[in-house]
Structure formats: C-alpha cells, structure tokens
Amino acid sequence: MHKFSINDFAKYKLNQQKITMVTAYDYISAQILELSGIDTILVGDSLGMVIQGEANTINVTLENIVYHTKAVRKGASNSFIIADMPYLSYHFTPSETIKNAAQLICHGGANAVKLEINHLAAIEHIEALIAAQIPVIGHIGMTPQSINMFGGFKLQGKTEIEAEHITEMAIKVEAARASAIVLECIPEDLAAKITAMLTIPTIGIGAGNNCDGQVLVFHDLLGLNPNPPKFARKYCNTQQLMLDSLSEFANDVKNGRFPNSQHSFKGKSK
Ligand code: KIV
Ligand code: NA
C-alpha cells in the first residue's frame, strides 16, 4: 500500500486525487484505519467530546493529545498522523508554540500538527512552526475552539463579511506554508471558491463535495455516536451491533451457554 507523505498533499491535488482523513484516539482504531488504507489519521481534539464526554473541545490539554497520539502511532506505525494543537497551546509566544508542537512530534510521534486559525495573529505561529521544520495543517471556518466567540457550533461564512474573513484566512494560511487546510462547516460554494483559489489541498467537513478531500470523526462514520452532526454520514450502525452482541453475551451467561469447552482449559487434575 502507498505510504502517504507530506509531499502527497500537493501531489494529490495536482493529480485531482481526493484525500481521505479520519480521526483516531487509540491503538485499536488506529490499527483499523491503517489496514483500511485511509490516507491520513487525525488525532483530533474532538477527543474532548467523543472520549472525555465534554460538551466542546476547549478543555483538552496538550498532555491529552500527546497521550492519544502515542497510542495511535503504536497502532499505525506506517500512517501519516496529524495531531491537533489544543486550545491555548499556540496562543502565546511563537517559542511556546514550537515547544508544544515538538511534544506532539517528538513524544507523540505525529508527522504534522493542525492549528485552528480564525485570526491574523495566529499566522505567525504557523510561520514559527515551519521555521522549526514542523509541518502544519490549517483549520478554518467553523473552528470549534472559537465556540465562545461564535456563540455555539454554527455554520460560518454565510454573510459576505464572514466569507471574506474565511477567504483571507485561507490565503494567509497558504502563504505561511501550511501543507493543507481543513474547511469546517461553511457553505459549499465558499468551500469550492477557496479550493479553486489555493494550490494546497482543502479537506472538508460539512463543506460540500468540491473540497480536495474529506475528513470525518471515527465515531460518527462508524455509527458509534448516537447523535452525529448533520454533515456526517453513518456508514454502519456499530452501536446496534455492540448492543446486540452485549445482550447475546449476557443471555449466554445467564443461560449457561458461555463459556463452553472451546473457551475453557483442561488441567491434569485426577
Ligand atoms: O478534532 C477533530 O476531529 C477535527 C476534525 C473534525 C477536522 O478537527
Ligand atoms: Na479538532
């Protein structure tokens, strides 16, 4: 199987080949993603919601992401892994940003880091990371870490002013030499316009079908999340499969059908 590298972002876009990305937070799901041939794995700060049960992502720490990135790297030793920089890990000095990103790269084992960019002041942090030889993915549009500014998880870029702002962020992120940009929850025509304008690929989530790639959260895609967002497609109902299997196990135990000789050991007792 092809081993995706940092150079493939530009290559795939040039060849009009779509890029796939799915989140993972642990060893077993990382193994499954690597087997599946999905191009890139994202250790997203969405883990605050799907792993920790929080209502949003702003409590996620750098230590959380390092911990999960290590587990994902062990399960997917050959995959291209992107680790999210959590809220307030790239908001102070560029040197702090470099130190924090280095944790994700050197200790976590990520190949690149992803930063949510909703303000011009964030751009110098991308430049600092690139200067430190750390590949960067930008993330614009509905940036979940901005929830307190947005007043909720709301579609961004509906008004002309918002659309112009998001377009400016895209241009600045590309100029700062990011390798790709995630476009989250923006109108499909705005995503199409930004995608056509840029030489680096766009990876969409809730951003229509004209992006250069698509990303989904593992739990939404596989039907583990009972309340997935509107933009996620559920490819199977894993929650139901798990519920059925658990009640079958319970029934077998209650009725003495598990374990049988196949799952038991013979000793030498006389
Ligand atoms: O944290 C995450 O899962 C993400 C994707 C939704 C892009 O940032
Ligand atoms: Na994220």
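Modeller: We can go through the annotated sites, then the ligand, the core, the strands and some backbone details.

Modeller: This is a predicted model, in which local features need pLDDT of at least 70, side-chain atom pairs count only at pLDDT 80 or more, and totals for chains, interfaces and linings use all residues. Residues are numbered from 1 along each chain as its sequence is written, while chains are lettered from A and ligands numbered from 1 in the order in which they are written.

Colleague: Fine. Which residue does the UniProt annotation "active site" cover?

Modeller: The UniProt annotation, from an unreviewed entry, puts "active site" at Glu184. UniProt positions are given in the numbering used here, feature names are shortened, and annotations may be inferred rather than shown by experiment.

Colleague: And where is the place of Glu184?

Modeller: Glu184 belongs to strand E6, residues 180-184. Helices (H or I, at least four residues) and strands (E, at least two) are DSSP runs, numbered from the N terminus.

Colleague: Why does Glu184 count as buried?

Modeller: Because Glu184 has 23 C-beta neighbours inside 10 Å. A residue is buried if 20 or more other C-beta atoms lie within 10 Å of its own, exposed if 12 or fewer, and partly exposed in between, with C-beta atoms placed from the backbone.

Colleague: What is Glu184 in contact with, leaving aside neighbours within four places in sequence?

Modeller: With that exclusion, the contacts of Glu184 are His139, Gly141, Met142, Thr143, Ile205, Gly206 and Ala207. Contact is when the C-beta atoms of two residues, placed from the backbone, lie within 7 Å.

Colleague: Next, the ligand. Which residues surround ligand 1?

Modeller: Glu184 and His139 are among them, and so are Asp45, Asp84, Ile205 and Val215. A residue is near a molecule if its C-beta atom, placed from the backbone, lies within 6 Å of it. By class, the shell around ligand 1 holds 5 nonpolar, 4 polar and 3 charged residues. Here Ala, Val, Leu, Ile, Met, Phe, Trp, Tyr, Cys and Pro count as nonpolar, Asp, Glu, Lys and Arg as charged, and the others, Gly among them, as polar.

Colleague: Where does UniProt place the feature "binding site"?

Modeller: The unreviewed UniProt entry has "binding site" at Asp45, Asp84 and Glu116. They are spread over 72 residues of sequence, yet they cluster in space, with a largest C-alpha distance of 10.8 Å.

Colleague: Tell me about Asp45 and Asp84.

Modeller: Asp45 sits in the loop between strand E2 (40-43) and helix H3 (47-50), whereas Asp84 is in strand E3. Asp45 is buried because 27 other C-beta atoms lie within 10 Å. Asp84 counts as buried because it has 32 C-beta neighbours inside 10 Å. Not counting residues up to four places away in sequence, Asp84 touches Val43, Gly44, Asp45, Ile65 and Lys114.

Colleague: Changing topic: how many residues are in the largest nonpolar core?

Modeller: That core has 67 residues, of which Val22, Ile41 and Val113 touch the most other members. A nonpolar core is a set of buried Ala, Val, Leu, Ile, Met, Phe, Trp, Tyr and Cys residues joined through C-beta atoms within 7 Å. Leaving aside neighbours within four places in sequence, Ile41 has contacts including Val22, Ala24 and Leu33.

Colleague: And the strands? Which way do the residues of strand E8 point?

Modeller: In E8 (residues 213-216), Gly213 and Val215 point one way and Gln214 and Leu216 the other way, and all are buried. In a regular strand the side chains alternate between the two faces of the sheet.

Colleague: What pairs with E8?

Modeller: E1 pairs with E8 in the parallel sense over 4 bridges, and Met21 stands opposite Val215. Strand E7 (residues 202-205) also pairs with E8 in the parallel sense, over 2 bridges, and there Gly204 stands opposite Gln214. Strands pair if DSSP finds at least two bridges between them.

Colleague: Last one, the backbone. Which peptide bond is cis?

Modeller: The bond from Phe258 to Pro259 is cis, with omega near -5°. Pro259 lies in the segment after helix H11 (238-254).

Colleague: What about the phi of Gln16?

Modeller: Gln16 is not a glycine, but its phi is positive, about 50°. Gln16 is in the loop between helix H1 (8-14) and strand E1 (19-23). Gln16 counts as exposed because it has 7 C-beta neighbours inside 10 Å.

Colleague: And Leu88, how does its phi look?

Modeller: Leu88, not a glycine either, has a positive phi of about 70°. Leu88 counts as partly exposed, with 14 C-beta neighbours inside 10 Å.
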